[in-house]
Amino acid sequence: MAWFDWSSLFIRWFHVIAGVAWIGASFYFIWLDNNLRTPPKWKQDKGIKGDLWAVHGGGFYEVAKYQRGPEKIPETLHWFKWEAYTTWLSGFLLLSLIYYHGASIYLIDPTVMDLTPKDAITRGLGLIFGGLFIYEGACRSALSRYPALFGIMLLVLLGAVSYLATHWFSGRGAFMHVGALIGTIMAGNVFFKIMPAQRLMVDAVTNNTEIDPAWGLAAKLRSVHNNYLTLPLLFIMISNHYPMTFQHPQAWAVLMAIGVVSAWIRHYFNLKHVGISRPSVLITGAIGMLIIAGWVSYPRTANESSAPAVTMHTAPVALTAIEQKAFDVVQTHCANCHSAKPTDNLFVVAPLGLIFDTWQQVSAKAPLIYQRAVVTKDMPLMNKTGMTEQDRDAIRTWIDQ
């Protein structure tokens, strides 16, 4: 399994680097466009629509945006596309490696829906590319001319995908697929509209023909979509560290609520860039996050007393002596955290949503337990339960057999 861990590490690292570059460029250009000011008349006579002065890194910079285009294309013209493409490609590769190659471990949760790896992967790809097809169709329809209606449509689309994903997959797998859809939509905006529009503008300047303003407006609209989708996507990228969100009984609603509030918070900064200060947007966004935190936390506390009791040290099915020994080890050293009702003083929700209360739950995650307890030996965390080499050998023996 060493190759899996190293592949996951390098691909995830590259994905984060590419994502930082893409998000940084996206945020910068939205900020830049919103901060352009009307230039002096002599610049307007040269076709400059807006300019901006900035100081950074020990120097002054002047950036100008043309109304249509320059008289001719300069020898060096910087394009911003590979940040988006490499982010998507590395993200899809990471999704395939972890959630498709490891579908039985990370994507499928028999307590949600008992799927085969093939069925789970097919459903996952259907959500991603089916959602992209619907979004692209809406963008190319008359609906795109009505921002409010389009926003409602997008919320309904993402809500439907979130609902289906959380009723098909594990909590982590569900959230990652909603994130994959959002990332695919964002990369699709670059591929299907932003880059073609830029090529049309470059060709028009090269051939000395008229530039259609609709090209730039359509591309800018897609950039705005990407801008508002960025914070929800970033939350999903880190959500697998916080099982209280993806393991919530209404996880799809939690995801949607956090997505809407984070996009609303992003709206504050977009307004700020054009000189509009609306502290109420930021304040209501913060209040919204606090309400979500209270809502997510409340059911966990309120329902603890009504949660079904689980006999922790007796298996629900007839086990061999080797299986029983492995089950006892897991119950002693793992189930204090990985339980529907953790008894650990640090974790109140099972880390990564992994629950080992029954033999079926333990055996379903056998490869993962073996990897973390026997191969890398990084579990239990800090070995706080004192798992011995004999205990690890008991798991090894069970897996080998």
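## A nonpolar surface patch

The model described here is predicted.

Two helices each supply at least two residues of this patch: α1, spanning 2-35, and α8, spanning 213-239. The most is given by α8, which provides three residues.

The relative accessible area of Val 16 is 41%. Because this value lies between the limits of 20% for buried and 50% for exposed residues, Val 16 is classed as partly exposed.

## Tyr 228 in helix α8

Helix α8, a contributor to the nonpolar patch, also holds Tyr 228. The relative accessibility of Tyr 228 is 25%, so this residue counts as partly exposed.

Leaving aside residues up to four places away in sequence, Tyr 228 touches Ala 263, Arg 266, His 267 and Asn 270. With one of these, His 267, the contact is polar: the side chains of Tyr 228 and His 267 are joined at 2.7 Å. Along the chain, Tyr 228 and Arg 266 are 38 residues apart, while their C-alpha atoms are separated by 6.4 Å.

## Summary

The nonpolar patch draws at least two residues from each of α1 and α8.

Terms used:
Residues numbered from 1 in each chain as written. Predicted model: local features only at pLDDT ≥ 70, side-chain atom pairs only at ≥ 80, totals over all residues. Heavy atoms only, no water. Helix = DSSP H or I, 4+ residues; strand = E, 2+ residues; numbered from the N terminus. Buried < 20%, exposed > 50% of the residue type's maximum accessible area, 1.4 Å probe, protein only. Contact = heavy atoms within 4.5 Å. Polar contact = N/O pair within 3.5 Å; in protein donor to acceptor, adjacent residues only side chain to side chain.
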